[in-house]
Amino acid sequence: MKLASLKGGRDGRLVVVSNDLAWFADAGAIAPTLQAALDDWTRVEPLLRGLAESLEHGAVPRERFHEHDAASPLPRAYQWADGSAYVNHVALVRKARAADMPESFWTDPLMYQGGSDGFLAPRDPIPLKDEAWGCDMEAEVAVVTGDVPMGATREEALDAIRLVMLVNDVSLRNLIPAELAKNFGFFQSKPASAFSPVAVTPDALGEAWKDGKLSGALEVELNGKPLGRADAGVDMTFDFGTLIAHAAKTRALGAGSIVGSGTVSNRGPDGGPGKPVDQGGVGYSCLAELRTVETLAHGAASTPFLKHGDVVRIEMRDGRRHTVFGAIEQEVRPA
């Protein structure tokens with residue numbers, strides 16, 4: 001089952017989307033918003049599935065689905081907690097900052113709590129006031145949970161996953177070092193993120209979803225050129241069950257909480273940082289990682305961070321090259 005929120009009001013209008021993302025059926029008679037559906041999931045899910053099946057058979061009124069009309073599936077959320085499940089990425093970015101890499105990072109997940117009072121729509125521009133802030137995209141996977149009790153086990157956490165989607169977690173790299181030096185975490189350096197047009201139930205992902213991981217190449221493009229093709233199911237140190245259980249260690253998570261994977265990152269065949277796409281590698285899901293590799297290889301980074309007018313695109317396709325979640329496509333514009 002695939003769900004989306006069409007733009008309108010602060011929380012959007014819930015619709016069910018066909019598997020090929022061509023059509024939608026209004027779900028307002030079942031639940032007005034996705035958050036309302038998540039709050040009453042046990043009752044609402046079977047009704048939404050029935051509507052989705054009817055949509056596939058053309059048995060209900062339907063309209064063309066246009067990704068530009070979609071807000072992020074949850075236009076705002078009670079919680080947005082982003083992890084760093086791909087520790088390879090953490091190691092590379094910290095190396096670029098000349099920061100030590102504690103051994104515990106391989107056994108204890110990193111996580112920060114981001115702003116969730118408003119997300120960008122998947123085709124909205126990225127507002128950037130100052131290019132000197134070092135704007136970067138971060139292509140990630142995220143899940144939306146139901147209620148998760150405090151102290152939940154990994155298995156209980158996996159059972160609480162309701163939906164899967166993609167993320168562009170925008171980062172202002174040049175603001176990060178000074179913020180982290182205060183030992184109080186990210187804030188100004190983490191502006192609003194954007195999520196894919198469609199959120200998908202795990203069962204609808206088939207074999208691509210297994211053991212709390214989503215497999216498949218996360219396609220990242222910058223100005224129409226391939227930047228990354230890393231497989232989200234490879235080199236993921238902590239699966240989503242582990243990430244959610246980590247978040248719920250000392251608190252319960254409410255229905256509609258979003259938990260992110262962190263930047264998807266694959267090692268090279270030799271265990272190193274990997275090569276760019278144009279050199280036969282799977283590339284990178286953010287510019288910081290590419291810049292780190294350039295620094296290691298050549299002594300300095302040559303790729304700039306995002307500038308006004310740059311266009312970022314993030315998407316995942318299935319084995320038949322059909323889009324799974326729709327595309328996040330955003331132009332960087334002056335704020």
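**Loops, cores and a covered helix in a predicted model**

Asp40 is found in the loop that joins helix H1 (34–39) to helix H2 (41–56); helices (H or I, at least four residues) and strands (E, at least two) are DSSP runs, numbered from the N terminus. The structure is a predicted model, in which local features need pLDDT of at least 70 and side-chain atom pairs count only at pLDDT 80 or more, while totals for chains, interfaces and linings use all residues. Residues are numbered from 1 along each chain as its sequence is written, and side-chain values use heavy atoms, with hydrogens and water left out.

Asp40 counts as partly exposed because its relative accessibility is 30%. In this scheme, buried means under 20% relative accessible area, exposed means over 50%, and partly exposed lies in between (1.4 Å probe, protein chains only). Asp40 and Ala255 are 215 residues apart along the chain, and their C-alpha atoms are separated by 9.0 Å.

Gly254 is placed in the loop between H6 and strand E19 (258–260). With a relative accessibility of 32%, Gly254 is partly exposed. Its contacts, leaving aside neighbours within four places in sequence, are with Thr145, Gly146 and Asp147; contact means heavy atoms within 4.5 Å. A separation of 8.5 Å lies between the C-alpha atoms of Gly254 and Pro149, which are 105 residues apart along the chain.

The chain as a whole contains 7 helices and 21 strands. Its radius of gyration is 19 Å, close to the 20 Å that the globule rule gives for 335 residues, so the chain is as compact as a globular protein of that length. The radius is taken over C-alpha atoms, and the rule is 2.2 Å times the number of residues to the power 0.38. Along the principal axes, the C-alpha atoms fill a box of roughly 60 × 45 × 40 Å. Of the 335 residues, 52% count as buried. Among contacts between residues at least 6 apart in sequence, 72% join residues at least 24 apart. The accessible surface comes to about 14,700 Å², and 50% of this surface belongs to carbon and sulfur atoms; such areas come from the Shrake-Rupley method with a 1.4 Å probe, and for residues only the protein chains shown count as cover.

In soluble globular proteins, nonpolar side chains tend to be buried together. In this model, the largest nonpolar core has 64 residues, and those with the most contacts inside it are Phe65 and Phe325. A nonpolar core is a set of buried Ala, Val, Leu, Ile, Met, Phe, Trp, Tyr and Cys residues joined through side-chain atoms within 4.5 Å. Not counting residues up to four places away in sequence, the residues touched by Phe65 include Leu6, Val17, Trp23, Phe24 and Pro197.

Helix H6 is mostly covered, with 6 of its 8 residues buried. The buried residues of H6 are Phe240, Gly241, Leu243, Ile244, Ala245 and Ala247. Their cover includes strand E7 (111–113), strand E10 (139–145), helix H4 (154–159), strand E11 (161–168), strand E15 (209–210) and E19.

Most residues other than glycine have a negative phi. Asn183 has a positive phi, near 60°, and is not a glycine. Asn183 lies in the loop between helix H5 (176–181) and strand E13 (194–195), and is exposed, with a relative accessible area of 68%. Asp235 also has a positive phi, of about 65°, although it is not a glycine. The loop that holds Asp235 runs between strand E18 (225–228) and H6. Asp235 is partly exposed, with a relative accessible area of 23%.

Two further loop positions were examined. Gly114 sits in the loop between E7 and strand E8 (126–128) and is buried, at 16% relative accessibility. Val277 belongs to the loop between E19 and helix H7 (287–298) and is partly exposed, with a relative accessible area of 24%. Val277 touches Pro226, Leu227, Gly228, Arg229, Val282 and Gly283, not counting residues up to four places away in sequence. Val277 and Arg229 are 48 residues apart in sequence and 7.3 Å apart in space, C-alpha to C-alpha.
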